[in-house]
Protein chains: 2
Amino acid sequence: MSGAAKGPGSRPEAAGPVRTAAVIGTGVIGLGWTTLFLAHGLDVRVNSRRDDAEQAVRDGVGLFAATLPAGPADPEELLTRLTVEPDVERAVAGADVVQENLREDLAAKRELFARVERAAPGHALLLSSASSLGVDDMGADMADPARLMVGHPFNPSHLVPLVEIVPGGRTDPDLVTRAADFYRSLGKTPVAVRRPLRGTPANRLQSALFREAVHLVLEGILTVDELDAVVTGSLGLRWGAIGPFRAFHLGGGPGGLRRMLEAVGPKMAREWQHLGTPDLDGPAVELLAEQAQEAYGSGKHAYERLAAERDARQAAVLRALRAAEDPA
Amino acid sequence: MSGAAKGPGSRPEAAGPVRTAAVIGTGVIGLGWTTLFLAHGLDVRVNSRRDDAEQAVRDGVGLFAATLPAGPADPEELLTRLTVEPDVERAVAGADVVQENLREDLAAKRELFARVERAAPGHALLLSSASSLGVDDMGADMADPARLMVGHPFNPSHLVPLVEIVPGGRTDPDLVTRAADFYRSLGKTPVAVRRPLRGTPANRLQSALFREAVHLVLEGILTVDELDAVVTGSLGLRWGAIGPFRAFHLGGGPGGLRRMLEAVGPKMAREWQHLGTPDLDGPAVELLAEQAQEAYGSGKHAYERLAAERDARQAAVLRALRAAEDPA
C-alpha cells in the first residue's frame, strides 16, 4: 500500500464533497448502492447496457427504498436525481465517485477501468465491489492505478453497514482515507485492510465457517435448516452484538483475552485439527441443494418472500443495535 | 443414539410437567440457568460448595433478571422460589430436571453423575452444560446413562436462545425429545444433533471462524478490534437474521442453493485451501492479548461494563427479531 508517484494535477488534493456518483452495473449490488447513494442526496448516473435498465433501476430502487437503515424513503423522490446512461464514458464524466459492480470477470474489469480512468475527473475515486479479484490485476491497463481500490459491500448493499476497503500495491493511502470518509458519510462502517490480501476478511471468515457447516451436514450431524437454527440462535446473535475477539475477551472474565487464551488456547488449537475438510463435489452439492429446497423452497415467489424476510430482519436488528448504542 | 434397554419403572413414561429443577454449579452458566428457570416459575435448588454461594446466587439473579429475553423480572420475587443446598444428593432429590454446570473436569463429572443417578427421581432428566466432554465418558460410572445428555447453552445462558442437545451412544431418544420440550418451554431454541459428535456444532463453527480471525490478525491484515468491526458489521448481522445456508440459498436467486453452488462452489472449495492455519503459541497469544487489552481494557470495572453492554445489545437484537417474526 505504498503511495504511487503523483503526476502534477492528476489528483487534486482538495477534492470537494461528493455530489455525483456513477454506478456501473445493475445487479443486486449495483441497485443497492444506487438506492443508498440517492437516499444520501447524491446525483446518481447508472451505467448499464441492459435494454430494460431503466425499469430494472426503478424496480430496484422501489424495493430497497423500503428497507433503508435510516427508515423508508420515497422512491419517486429518489428517482428525480437518477439518470440511466448506457455509455460508460458519459456515465462517469463529472462523477466524484465511481462504484463498479460488474461480474467477477477480470478481462472486463481491466478494460473498464482503463476507459473509466480516461473519462472520469482526475479527482474521482474509483471503487470496485469485487469480492475476489485483485486490485493490481483490475488496474493493470491503467496509466496510474493510485485511485483504484476495492470497496466491497455485503449483500444487501443498501442495508449492511460494513464496507471492506482493500487497496492494491499502488493505491494512494490518502485516497483510502478519502474513500473511508465517503463510505462513512453514507452511514457505512468502512474497514480498510492493512496489507494486500487474497479475498476480503469477511469473505474469508464466512468461508471458514461455511466449510465446517458443509462438513457437519455432509456427515449427517444436522440438516441445513438445523444448522441455520444453530447459527441464528447463538453465534449470529452474539456476533451481531460483539465480535469474536471481544466475546472471548469477555469469556476470560476480568483477565480478558489473555486469561482466556492461556486457559483454553492450547485446547482450542488442538480442536482446530479436528475441523472438517469436506469436498464440494457433485453428490455433496446434490445433498445440500435438496435439503435447502425442501426447507426453504425455490423459484421466484419463494425467493422474493425469503429476500423480503431477510431484509426486514436485518433492518430490525440494525435499528435495535443503533438504539442500544444511542439510547437518547 | 440407539435406545437403551429400559428397566421396568426406572423411567416412568408419563413424567409430569417440570416443576423443580436442580442446578449444579454457580459459575456464570449455572447462574444464568438459575435465573431463567426461576423466571419460568420453577422451584430451583442450586447446589454449590462455595462458602459465598448464597450471595453469589443473589448477585447473579439480580444481574441477569434485568436482561431476560421476555423483559426484566423482579429478583426478589424470583428468589422466593430458590434454595441453596450444599449437599448434592439433597439438591437433586425431588428434581424433575438436573442441569449440571461444573468446569470441564471429566473425573469430577463422572463421579457426580453416578451420585446424581442414585439420588434423583427416576424420571429426572440429567442434563450437562459441558461443551467438549463426551456424554458416554461423563456417564461411564452410571448404572444406566439413558437419561444423561448434553444440553449446551451459550453464554449468557439466560439470554441466548440456542440449546444444543448432544446425546451419547446410550441416551434414550424419547428423553432427547422430552429435554427439547423442556428447553422449548423456557423459550429456548433446542437443536438435537443426529449423530455423536466431538464438541458441539456451534462451538465447532465458532472455532472455524476464530481460526481464520487469528490468522488475519497474526498476519497483520487487521487488528482485533478491526476484525470485530468486520464481523459485527456484516456476518454477525446477517447470521443473526438468517443462517449461512439460507443466506447462500438467497444468494443463488430463484435457483437457490443449487444454482449458487453450481456457479461458485468449485471456486469456494478452492479458496478453502488458502485459509490460514495459525499457531496459538506464546508470541501469538501475546500479540492478540495486547491488542485486546488496548482496544477493550481489562480488570473488573472494564469487564462489568463490557458484559453489561454485550447483554444489552444481545437483548436488543433478540427483541427486534421477535418483533420482526411476529409483527402483531
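I started with helix 5 (residues 106-119) of chain B, which lies across strand 4 (97-100), strand 5 (125-128) and strand 6 (148-153) of chain B. Helix 5 runs at about 165° to strand 5 of chain B; angles run from 0 to 180 degrees between N-to-C directions, with axes fitted to C-alpha atoms, for helices over the stretch in contact. Helices (H or I, at least four residues) and strands (E, at least two) are DSSP runs, numbered from the N terminus.

A note on sources: this is a predicted model, where local features need pLDDT of at least 70, side-chain atom pairs count only at pLDDT 80 or more, and totals for chains, interfaces and linings use all residues. Residues are numbered from 1 along each chain as its sequence is written, and chains are lettered from A and ligands numbered from 1 in the order written.

Next I traced the open sheet of 8 strands in chain B: the order is 3-2-1-4-5-6-7-8, with mixed pairing (strands pair if DSSP finds at least two bridges between them). Strand 3 (82-84) and strand 8 each have a single partner strand, so one side of each lacks a neighbour in the sheet. Strands 7 and 8 of chain B run parallel, joined by 4 bridges.

Then I turned to the chain contact, which takes 96 residues from chain B and 96 residues from chain A (C-beta atoms, placed from the backbone, within 7 Å). The axes of helix 8 (residues 201-218) of chain A and helix 9 of chain B come within 10 Å and cross at roughly 75°. The two helices are therefore roughly perpendicular (65 to 115 degrees).

Key:
Contact = placed C-beta atoms within 7 Å. Parallel < 35°, antiparallel > 145°, perpendicular 65-115°, else oblique.
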